[in-house]
Every structure is written in structure tokens, then in C-alpha cells.
Amino acid sequence: MRNRFTQLFLVNALTCGLEICMAAGTSFVPPLLLEAGVEERFMTMVLGVGPVLGLLFVPLIGAASDGWKGRFGRRRPFIWLLCLGVLLSLLLIPQASRLATLLSIPMSVPLRGLEVALLVAGICLMEFCGQVCFTPLEALVSDLFQEEEECTWAFSVYSLMISLGGCVGYLLPAVHWNMGPLIPYLGGQRSFIFLLLTLIFLACLLGTLFISEESDWGKVASREGVPSICPRLCPHLPSLRPYWLLSLLRGCRSLLPQLCQACRRMPSVIRRLFVAELWSWMALMTFILFYTDFVGEALYQGVPSAPPGSAERLRYEEGVRMGSLGLFLQCATSVLLSLCIETLVRWLGRRAVYLSSVVLLALATLVMSLSRSVVTVTLMAALTGYPFCILQILPYTLTSLYHNDKQTFFPRTKDRSKMAAEEKWRSAKDLVPHILYHGNGHPGGMPGLGPTMYVSITREGPPSPATVAPTVGRGMCLDLAILDSAFLLSQVVPSLLMGSVVQYTGSVSAYMGGASVFALVAIYFSSRVVFDRRDLER
């Protein structure tokens, strides 16, 4: 048991470090873009590029992770690759101005435009890799703790570490670091903070080297109905063979049609949860993404595009620091609630806890859109820590509940598996009746370069579903990826719409008003979520 606690701590240490970087980036990104001369509507669009890319790749990465076999497990290769992108972005964003100066002369391009392009590239890379990385981390937690009670506890710890990471990430920009003696030599406050973020993230990332994923992969795969997508592409990750990348691309290409089919046949319980989480996250992310800019402009009457050192610019920077403090209080509230979430669920039930969190979010954002009191707005920001905590725990515990009882929540899964098995046998028998199929799934026993999606058949008749290497099914990571797609899509819609709404209304209060409208819609869809077996009868 102690070893499992250690594993959970190491996984969540990286989760915490990743959230520190994402939270600090959320505080810095809008001011950085506005100060670089990017208009408000284009600034919000830049924030949507990373989530759009994540929306496209998260289901693919989730399905590929479900079927990966290798020396380092199913999840860690994807985690490490995405973390590399986060590290590159942490180095690129603070040095965008210096890199633009170095590259503008030989490339003969305008300095300002190149600086903005590098800044946008770094921001998009951080948003994409950072947010997508949470999907294999969530799946790894689910792999280690599969029982319902253990899973709820494990995701409570996961939410706790995310909230702690958010506290640290939002607190760093709120502190006035310019008073330190070494800050001027490091390039100023922002360069110092990004250097600190890089060191923290590296330390957390090194802990994943000591994580031992599930030892019996076949047992977990059979429990989830997971395909063998990329099992022989690369038995040892560091030894990059010449055909490795080609094999990976072939595997992804062959996976895409099956992935689309799996998403189209999404079970009703997953679909309802997806829609409810989409609207809930849209409300919460509209608040989180634009809160610092809202405080700086609406409450402190600052101007982000004002000259450095002017009164308007100083008021805006002070408002950004106060906004970071409000987001810190949000995460602090989430930390406290993570410690007692099991008790709340036991007393009130999953349905009451989830619905109450969305109702509170609607009320808090409505008050913020109408009030001009810094104290009142900061207090409402702290209260949003309740829905922030719930949205990081209950959707994933519900998904685990669905997968632990597929006969009840996925009633057509068994029939579909039988039909697919018989169809594969008939197709193989009609097309290649003269080839002897061996137990390893390859004709004549010869391994191929592509992923092993072959079927072992005999002359006697169709195999049973238990002996067939299935296509993309309802793997845990695939469904977690679908839920994370809701989180990513929740940032795309506000990013594309809210900038134009603010320009049309002429007030940044529209950010909080839009969040309140999204939360009201989320209340309706949350009431339709299946929280237990009794909800299936409604």
C-alpha cells in the first residue's frame, strides 16, 4: 500500500508542477499579448489556438495511449513528449524579444512582427502541450486505482494537487519580485518567474522516472476492451530506428477511422456527461481566462496598451496582480474542498454536489459582472473554487464508475463486440482462405512494421470476443480524452466569441456576464447527467 501511495504522489507531483506552469501562464498571457500590441479580439483568438489543436489530437493520443506497449508503460512516453513541449514554451515565451532581435537582421523581417509571432508560437505550444498532458496523467491515476472508492480518493488527491499547483502558479505573478537583488540581472520579474517555473517543472518531471505502471497490461486491457494499437512499433523508446516514425504514422492513420467510429457510437451516459461538462467548463474557463484583464481594466481603470511607467499602465499592472490574488484564493478554496469532497458526496450525493457547484458558479459570475467593489469581486472569485474542485473530480469518478459496470452503463458493448468478431472472421476467411494464421496474429508468424490489428482465426469457426484483438473500443483513456475534449472546447468558444462581444459592448464586464450565461445553460444539462443506476430509468 505504501508503494501505491508513493506512485500516486509521484504522478500528482508532475500534475502539480504542470498546473503551476499553466496557472502562471494564464495570468501572464493576456497582459503579454496586449502589451505586445495585439488587439483584444485577436488576443482572445490566440488563446483558442492551443485548445483547438488539443481538441483535434486529444482523442487520438488517448486512444493510442490505451493500446501502447513498451518498456516505459502506456502513459509515460506520451507524458514525456508533451512535457518537452511545455519546457520549450517556458524557454521561448520570456525570450521572445531577444530571439526576435537576433533573427530580425538575417531574416530581414520587422522586429515587432517577429516578436509577436514568437510570443504567439510559445503561448500556443504551452497551451496545447500543457492541457493535453493532463489526459494521460488522469488515465495513469485511473490505471493505478481502479476500484470505485479508491478511484474517488485518488482523484480527490489529484484535484488537491492541481489546486495546490494553481495556488502557487497564481501567487507567483501576484508577488512584486522586482525588489530582489538578482532580478535585474535575470532580465526582470517575468524572466525570473519563467526561470523558476522551468526549474520547478523539471524537478517534478524527474519523479516520473520512478513510476512503475501496471505490470500486467493484458489484464487492464482486457478489463477495458482496449485494442493493441502500437504494441510493436518501438519496444525500447530511446532506440529510434529508421522506420519507427513511419510505423507510428501508419498506426495513427489506421487508427483514425476506428477512432471516429468509436466517438460516433459514444454511449448515452458519456454523451450526457460530455455536454454538461462542456457548458460547465465554458462558464468557468471564461472566468479564469479573462479575470486578470477584467480586474485590471474594469476595477482598476488601467490601460494595457499605455506607455510603460504611465499611471494607466501602472494601474493595470496592479489590477493584474490583484486578479492573480483572486485566482489564488480560488485554488485555495479548491484545496480545502478537496480534503472533504468524499464527505460531501457521502452526505449529499453526487447529483446534489455537482448541481450546487454549477448554481454557485452562475451566481458568483453574475455578481462579478454587476459589482465594482474589489473586495466583493475577490470574494466571488474565491467561491468559484467550489465548482473548480468538483469539475476536476466528479466527471472522472463517474467515468470510472461507468467502466467498472459496463453491462449496466454500456448495455450494447457486448453485442457490438460479438458482431465485430464474427464480421472479422468472415472477411478474413473470404479474402485469404489459403493463408495459415498463427497465434501471434501475423500471416506466417512474421512481424510487420505497422501496428498489430490482426485477428487470430481458426478453420473451425469464428473466434469468441475474448480471443479477438479488438478495434478501438471503450478504453478508459479514450473516454477521459473525450471529457478532456470538452475542457479544451470550452476554451475555444469563449476565445472566439468573447473578444468580439467585448468590443461590441465596449466593456470587459461582458466576460463575467458571458460566464454567467454559460453557467445557466450548464445547470440544465447537468440535471440530465447519469450519476447512478437509478438515473438510467428516468
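Me: Is Cys83 buried or exposed?
Reply: Cys83 is buried, at 0% relative accessible area; buried means under 20%, exposed over 50% and partly exposed in between, with a 1.4 Å probe and protein chains only. This is a predicted model, where local features need pLDDT of at least 70, side-chain atom pairs count only at pLDDT 80 or more, and totals for chains, interfaces and linings use all residues. Residues are numbered from 1 along each chain as its sequence is written, and side-chain values use heavy atoms, leaving out hydrogens and water.

Me: Which cysteine sulfur is closest to the one in Cys83?
Reply: That of Cys133, at 3.8 Å, which is too far for a bond, since a disulfide needs the two sulfur atoms within 2.5 Å.

Me: And what about Cys331, how far is its closest cysteine sulfur?
Reply: The sulfur of Cys167 is 4.9 Å away, again too far for a bond. Cys331 is buried too, with a relative accessible area of 0%.

Me: Switching topic: what does Phe287 touch?
Reply: Leaving out residues up to four places away in sequence, Phe287 has contacts (heavy atoms within 4.5 Å) with Leu327, Gln330, Thr365, Met368, Ala381, Thr384, Met512 and Ala515.

Me: Last one: how exposed is Phe42, and where does it lie?
Reply: Phe42 is partly exposed, with a relative accessible area of 36%. Phe42 lies in α2, a helix in the DSSP sense (a run of H or I, at least four residues) numbered from the N terminus.

How values were computed:
Helix = DSSP H or I, 4+ residues; strand = E, 2+ residues; numbered from the N terminus.
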